[in-house]
Amino acid sequence: MRSGNGLRFDHLFVPTPHAERFLACDYHQEAREAGLTDHAVMTLRLGLPSTPGEQGEAPAAGAG
């Protein structure tokens, strides 16, 4: 049984082709501090490519 307030080093892996999309990575200690787990919650934010039709863009029209 594990005791004390030790920390574990958790990781998130991003494939090399997506590394340029990395925006932020954060630890959230609330669950660990509440004794629910000995891990911290991690969030990872990646920028996603725009797709036609997003944010008011018109979809690309086919050649006619």
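Predicted model: local features only at pLDDT ≥ 70, side-chain atom pairs only at ≥ 80, totals over all residues.
## Confidence of the model

The chain has a mean pLDDT of 75, and 66% of its residues reach 70 or more. In the chain, strand S1, spanning residues 22-28, shows the highest confidence at 91, whereas helix H1, residues 30-33, shows the lowest with a mean of 86. Over residues 56-61 the pLDDT is below 50. This stretch, residues 56-61, has 6 contacts in the model beyond near neighbours in sequence.

## Nonpolar surface patch

A nonpolar patch on the surface is formed by five leucine and phenylalanine residues: Leu12, Phe22, Leu44, Leu46 and Leu48. Together, these residues present about 460 Å² of accessible area.

One of the patch members, Leu44, is located in strand S2, which covers residues 41-46. Leu44 has a relative accessible area of 31% and is therefore classed as partly exposed, since that class lies between the limits of 20% and 50%.

Asp26 lies in strand S1. Its relative accessible area is 31%, so Asp26 is partly exposed.

Leaving aside residues up to four places away in sequence, Asp26 touches Val41, Met42, Thr43 and Arg45. Asp26 and Ala40 are separated by 14 residues in sequence, and their C-alpha atoms are 9.6 Å apart in space.

Notes:
Residues numbered from 1 in each chain as written. Heavy atoms only, no water. Patch = residues over 30% accessible without salt bridge, like charges linked within 9 Å, V, L, I, M, F, W, Y side chains within 5 Å. Areas by Shrake-Rupley, 256 points an atom, 1.4 Å probe, with all protein chains shown as cover. Salt bridge = Lys/Arg side-chain N within 4 Å of Asp/Glu carboxyl O. Helix = DSSP H or I, 4+ residues; strand = E, 2+ residues; numbered from the N terminus. Buried < 20%, exposed > 50% of the residue type's maximum accessible area, 1.4 Å probe, protein only. pLDDT = per-residue confidence, 0-100. Contact = heavy atoms within 4.5 Å.
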